[in-house]
Amino acid sequence: MTSRLGKAWLIAGYFFLYLPIVTLIVYSFNDSKMVMLWGGFTFKWYGVIAHDTEVLDAFKLSLRIALLSATASVLLGTLAAFAMVRYQDFWGKTAFSAHINAPLVVPEVITGLSLLLFFVTCERLFGWPDRGVLTIWAGHTSVGMAYAAVVIQSRLLEMDKSLEEAAMDLGCKPFQVFYLVTLPLIAQSLLAAWLLTFTLSLDDVVSTAFLSGPGSTTLPIVILSRARLGLDPTVNAIATITVAVVSVAVFAGSLWLSRQETRRAQEQAAAYREGMQQVAA
Amino acid sequence: MDIPNSLRRSAHALTHDWGRRTVIGIPYLFLFVLFTVPFLVVLKLSVSETDGIRFLDLLSYADGVVHLKIKLSNYLFLGSDPLYVETYWSSIKFAGINTLICLAIGYPFAYFMARSPANRRPALLMLVSLPFWTSYLLRVYAWKGLLDDQGVFNNVLIWLHLIHQPIRMMHTAFSMTIGMVYAYLPFMILPLYANLVKMDLRLLEAAQDLGATPWQTFWLVTVPLSKNGIIAGAMLVFIPSMGEYVIPELLGGPSTLMIGRVLWDEFFSNNDWAMASAVAVSMVMLILVPLAIFYRYRADTGGVRGV
């Protein structure tokens, strides 16, 4: 394989991956009634969405649901990841692991429909719950915890277990080991999992459409209904804001994570050197 | 006062046992209630008789006899209605084509990523996963602006005088395929990359030392070694794209029948819950085999999706 072909392939691939995103951004500044005909530079679509109460309300609701479901996903995902990595076998482990992985691939129309019919059945039997924030949250969390579990699981698998064993030998109780040793070591993966499930929830449209009720319209539902009707410059403006916020957050997040990674490696190396010196002396 | 050691040990075991039960039990219960039970509800509704809008119980008791009534007409209809049969075929076809194109583009891409200088790989990897973080819905919508009759591609081609009339690209098999490839390409690249980057390069050197040409090395060593990555990537693309709704809705047309969209319409437009349930169950049957393959090969590439 010549490296020239490699470079060309990579450049073409990235061009394909980023072309639509760049187009969205460029045309959000387009001052023309024809969405895709360039008519000069303008900020007016941003002004339009800043006063669009449908968009603003939907955005607030999406944000609220995303905060709640990301937090719950990470809590449940951490437990699930521990169960998968630390407990060799327990009753129904195969079923458990299939369960954890299933939401990653099962099409969302199926999970959305089945959760909705489940909630409707509950409502008929017990008069609860109404469709709204709670049902959407449940849908997002059941998928989000699977993603969180995968992220945290891969961190737990590569983690040096001897650190926990050392703490245990030095007399730590299991909870102390978790709190003082394990948690700081997996903190980054928890953050990564939180960010991932947060964006997934913020973006989810299919299962939300099944699970939302009157008065609980999230931002993706608004976007979908506008996008169905055709090209809409306000959608481009929303897209640009999303892309900007997400890129900054992901860039800052990964920078912070890689810094932490280097620092931790240095600290571990230093501690190891010190230990060896003490042993030698 | 001294606590006997044996007592202390059993107390420790007890708390440990409780901890273990909580750690396993809570997520287990959550998924059981919000994943398994709902699917059982769907299964039940797909075979229940209805009385107006109410679904009847499967089991009834009368005169000392328990009656079990299972209505199969929804499934019989699915199997005999030409539109449904065609939709299933078309879903499998589009998902299969999507998987093949993603593999054809994604394999070389992941290969070149994995063989680029080690200090450049994190940035390359981040650039592949970054689109994941931006809204999937908006990225699909973006193709409308590119492929529309008055869209970017047509405008550029007309401006270059290559065409005089806009080519119709939207709402065709072409627009849907390109949207699917675009949305699912990272799902192919990431597991392949994870696999290829771990490969022991000495094996390739050995092949070359033994006289293999670069092409032979690639086809006889690299590709077979990356089998698990290929399977994981293919399943990550094939299974969800079969149930895709957003892409056929925004980019597809009347000719691009997809089962996910039919389920949606059956539920939201026709309000036929029983039929929608039957479609959902049949979809699960359809993905069961690829799902089993996916689970079998996933161990090797675990945890690469999305991060």
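In chain B, six residues of domain 1 are in contact with six residues of domain 2, two residues being in contact if their C-beta atoms, placed from the backbone, lie within 7 Å. The structure is a predicted model, in which local features need pLDDT of at least 70, side-chain atom pairs count only at pLDDT 80 or more, and totals for chains, interfaces and linings use all residues. Residues are numbered from 1 along each chain as its sequence is written, while chains are lettered from A and ligands numbered from 1 in the order in which they are written.

On the side of domain 1 that touches domain 2, helix H1 (residues 5-46) of chain B gives the most, with four residues; helices (H or I, at least four residues) and strands (E, at least two) are DSSP runs, numbered from the N terminus.

Strands E3 (residues 59-62) and E4 (residues 65-68) of chain B pair in the antiparallel sense over four bridges, where pairing requires that DSSP finds at least two bridges between two strands. B:Ala62 has B:Val65 in E4(B) as its bridge partner. Two residues separate E3(B) from E4(B) in this hairpin, and B:Asp63 in the turn has a positive phi of about 50°.

Between the chains, 70 residues of chain A are in contact with 76 residues of chain B. Of the side of chain A that touches chain B, H1(A) contributes the largest share, twelve residues.
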